[in-house]
Amino acid sequence: MELGINLDFYRADTGDVTLEALIEAAKFCNSLGFTALDFLTSYDREDWEDRAKQFREMLDKNGLNIHQGHAPFNRYGRYESKEIFEERFRRSVEIAGILGAKYIAVHADEYVPGERVGFNGGKIRQMMYDFLAPYVEQAKKLGVGIAIENLFEGPEDPVRHRYTAKIEELISLIEMFNDESVSCCWDFGHAKCAYPHGQNEDFEVLKKAFKHITCTHVHDNYYIRDLHLVPFMGRINWKPQIEYMKENGYKGNLTLEMVYHKMPEDILKQYMKLAAASGKHLMSL
Amino acid sequence: MYEELIPLIEKFNDPNVGCCWDFGHAQVEYRERQFEYFKDIFPYIRMTHVHENYFVRDLHLLPLLFDEMDWKPFVRYMKENNYTGDFTFEFVFGSMTKEVMHEFLVLASMVGKHLLSL
């Protein structure tokens, strides 16, 4: 089991960031103990393929490892059209393959990209299966597994609208593929938001999904807000969950997924050190 | 509401009774109007509780995690108007080990110094 982090929290491939800067960022993360990175180079650029290949060479030269990546999602209408979104998704899977990632995390709430529809679980499951199936095949050819992530719904939302917020939906969709390359990316923070009651409701659903879990998004929160905090800054009860995963032969990594900051560089570096200390303690549980 | 706070403080008519301005609570209650009310009550502020929020909940977060609050006008106002009290973080949530807590406190110290330099 290795400790990882999403590199784009520290340095994202946006704007005019150079590959050299990205490699330095990866080296910094590695030096803190994050040996399995979660990262994809940009899929929004026209030179996306060459860029990914160049980055792969630099990773290999520096002995660095990309373990997993994250496909784009369009729930909030980021992309101008369904076609653009689907092309970006395709590119992200290709990039994952080029970079040597074992898994790419995907969201399964894109039943109508950029729009909300009336909630019919069975119909949505079929739509998501149809949406993901071509990418599953594409990923398999590249040696990459599709890992479907557990999601959650906002606490103020009285109406169901987000598929895979319920554990039964996530498991049902994974098992519909009946394909060992399709697994679960367990998001601890999302699980706590979706199952916040008592100390261990989220742990109970982890146990249900466990046999499918191949990779993780690790972050903490409280008050049913998806805060993406460093572990132990929130209210997730980590010990029984990590112990359970170890005792039951979990072979993946613990990969922090940080999202929010507006810190200057020197303070951000210290936040990364905090993340590393927290991650190492998590691994030791 | 701060309109309740000022009359209560003034009712004591005692220099020993002042205001502890809680930035996080004010952010939840007043949002973008906080600075306006902060200036009104400033003569009574003797101490502070410094923290930030997100999603309009009293989360007692370390500042600079979320893009929720512009600290510069507050810090500048305090300096320009000779605030002599302290700038005190108030954290509530979390369960860190000694090692993790050490790194958190270093981080909090850096964040605090950065805010005070604004």
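**Interface, cavity and pocket**

About 2,500 Å² of area is buried between chain A and chain B, and carbon and sulfur atoms give 72% of that area. The elements that give two or more residues to the side of chain A that touches chain B are strand E9 (225–229) and helix H10 (265–284) of chain A, and H10(A) supplies the largest share of that side, with nine residues. The model is a predicted one, and the totals for chains, interfaces and linings use all residues.

**The interface between chain A and chain B**

- On the level of residues, 24 residues of chain A are in contact with 26 residues of chain B.
- By class, the side of chain A that touches chain B is made up of 13 nonpolar, five polar and six charged residues.
- Six residue pairs, with both residues at pLDDT 80 or more, are in polar contact between chain A and chain B, whereas the count of salt bridges between these two chains is zero.

**The enclosed cavity**

- A search of the whole structure for cavities of 30 Å³ or more finds one, and the volume of the largest cavity is about 50 Å³.
- Residues of chain A line the largest cavity, among them Asn150(A), Leu151(A), Thr164(A), Lys166(A), Trp186(A), Tyr195(A) and Val205(A).
- Helix H6 (167–177) and helix H7 (188–194) of chain A each contribute at least two residues to the lining of the largest cavity; the lining also includes Ile167(A), Leu170(A), Ala191(A) and Ala194(A).
- Divided by class, the lining of the largest cavity has nine nonpolar residues, two polar residues and one charged residue.

- The elements that give two or more residues to the lining of the largest pocket are helix H1 (7–10) and strand E9 of chain A, and E9(A) gives the most, with three residues.
- The lining of the largest pocket divides into 17 nonpolar, ten polar and 15 charged residues.

Note on methods. Residues numbered from 1 in each chain as written. Chains lettered and ligands numbered in written order. Predicted model: local features only at pLDDT ≥ 70, side-chain atom pairs only at ≥ 80, totals over all residues. Heavy atoms only, no water. Contact = heavy atoms within 4.5 Å. Buried area = accessible area lost by both parts, 1.4 Å probe. Salt bridge = Lys/Arg side-chain N within 4 Å of Asp/Glu carboxyl O. Polar contact = N/O pair within 3.5 Å; in protein donor to acceptor, adjacent residues only side chain to side chain. Helix = DSSP H or I, 4+ residues; strand = E, 2+ residues; numbered from the N terminus. Nonpolar A, V, L, I, M, F, W, Y, C, P; charged D, E, K, R; others polar. 1 Å grid on protein atoms, 1.4 Å probe; cavity = no way out; pocket = protein on both sides within 12 Å on 5 of 7 lines; lining within 4 Å. Points joined across faces, edges and corners; volume = space filled by probe spheres on them.
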